[in-house]
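Me: I would like to learn how to read the features of a protein model. Please give the general idea each time, then the case at hand.

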Amino acid sequence: MDFKHGYLFTGDKKTALNKAIAAASEILGKTRDSINSDPDFFLLETATLSIDHSRLLRTWSSQKSFSGKGRVFVVMADFFTKESSDALLKTFEEPAADSRFFLITGSKENIPGTLRSRLFPEDFEIPASSLAENKEFILEFLNSTIDKRLEILKPFISDKQKAVSFLGGIVEVLNGDFLKGAVINAEIAEETAKCREMLLSPGAYPKMVLEHLAYFLPKTK
């Protein structure tokens with residue numbers, strides 16, 4: 001198979017990771033059991049891809065392959081900061097001929113559009129049971145009183161990564177087919193998306209952003 005330089009796998013991360021490792025095994029001529037010991041294979045799993053991660057990936061990708069078959073980088077992160085994405089973008093603008101990247105995250109919205117445009121996308125369907133549970137939780141938040149919303153938000157106030165994922169889920173719910181027929185103001189989804197982007201910025205405080213949304217968003221029904 002002729003593999004592209006960079007891929008963006010979204011949706012069910014477990015399925016995406018399995019496919020990325022299978023691709024790496026094929027590229028490097030290794031079995032699934034032995035791929036982790038190959039010096040040309042790099043697996044990075046992190047909640048947040050930092051600028052230091054991106055710089056390290058750029059350095060590694062510029063080095064010569066040990067086997068002559070190329071190098072494969074599998075990167076799985078909950079979200080990518082703007083700084084890390086800008087740094088990684090340079091790697092895709094001047095790609096090493098024998099390097100292959102597989103970026104994995106829950107949603108394409110976790111990656112800035114400038115970096116996304118350099119990647120070949122593939123989405124993996126999330127199991128219905130997990131999706132339904134997530135929708136039910138978010139709908140409970142959207143349909144609660146302000147006091148109840150603030151109570152629901154407590155676990156996210158001290159965890160920036162979880163807060164970003166939660167806001168991404170709200171946007172998906174507001175745009176989802178299961179809300180057909182409901183009167184949803186598009187500005188609500190837009191405001192939530194803006195707040196999510198704000199949280200991706202260095203020094204952003206989840207508490208302030210989440211409390212703003214608790215007061216701002218009207219009930220969906």
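Reply: Begin with angles between elements: under 35 degrees counts as roughly parallel, over 145 as roughly antiparallel, 65 to 115 as roughly perpendicular, and the rest as oblique. Each axis is a line fitted to C-alpha atoms, for helices over the stretch in contact, and angles run from 0 to 180 degrees between N-to-C directions. Helices (H or I, at least four residues) and strands (E, at least two) are DSSP runs numbered from the N terminus. This is a predicted model, where local features need pLDDT of at least 70 and side-chain atom pairs count only at pLDDT 80 or more, while totals for chains, interfaces and linings use all residues. Residues are numbered from 1 along each chain as its sequence is written, and side-chain values use heavy atoms, leaving out hydrogens and water.

Me: At what angle do the axes of helix 2 and helix 3 cross?

Reply: Helix 2 (residues 51-61) and helix 3 (residues 82-93) have axes that cross at roughly 10° and come within 7 Å. The two helices are therefore roughly parallel to each other. Contact means heavy atoms within 4.5 Å; here helix 2 contributes Ile 51, Ser 54, Leu 57, Arg 58 and Ser 61, and helix 3 contributes Glu 83, Ser 84, Ala 87, Leu 88, Lys 90 and Thr 91.

Me: In what order do the strands of the sheet lie?

Reply: Two strands pair if DSSP finds at least two bridges between them. In this model, 5 strands form an open sheet with parallel pairing, in the order 2-3-4-1-5. Strand 2 (41-49) and strand 5 (120-124) are at the edges with a single partner strand each, so one side of each has no neighbour in the sheet. On average, neighbouring strands are turned by 20° against each other, direction ignored. Strand 3 (residues 71-80) is joined to strand 4 (residues 99-105) by 6 bridges, and Phe 73 has Phe 101 in strand 4 as its bridge partner.

Me: Is Thr 192 buried or exposed?

Reply: Buried means under 20% relative accessible area, exposed over 50%, and partly exposed in between (1.4 Å probe, protein chains only). Thr 192 has 0% relative accessibility, so it counts as buried. Thr 192 lies in helix 8 (residues 186-199).

Me: Which residues of the largest nonpolar core touch the most other members?

Reply: A nonpolar core is a set of buried Ala, Val, Leu, Ile, Met, Phe, Trp, Tyr and Cys residues joined through side-chain atoms within 4.5 Å. Among the 25 residues of the largest one, they are Phe 141, Leu 142, Phe 166, Leu 167 and Ile 170. Helix 7 gives the most to this core, with 7 residues.
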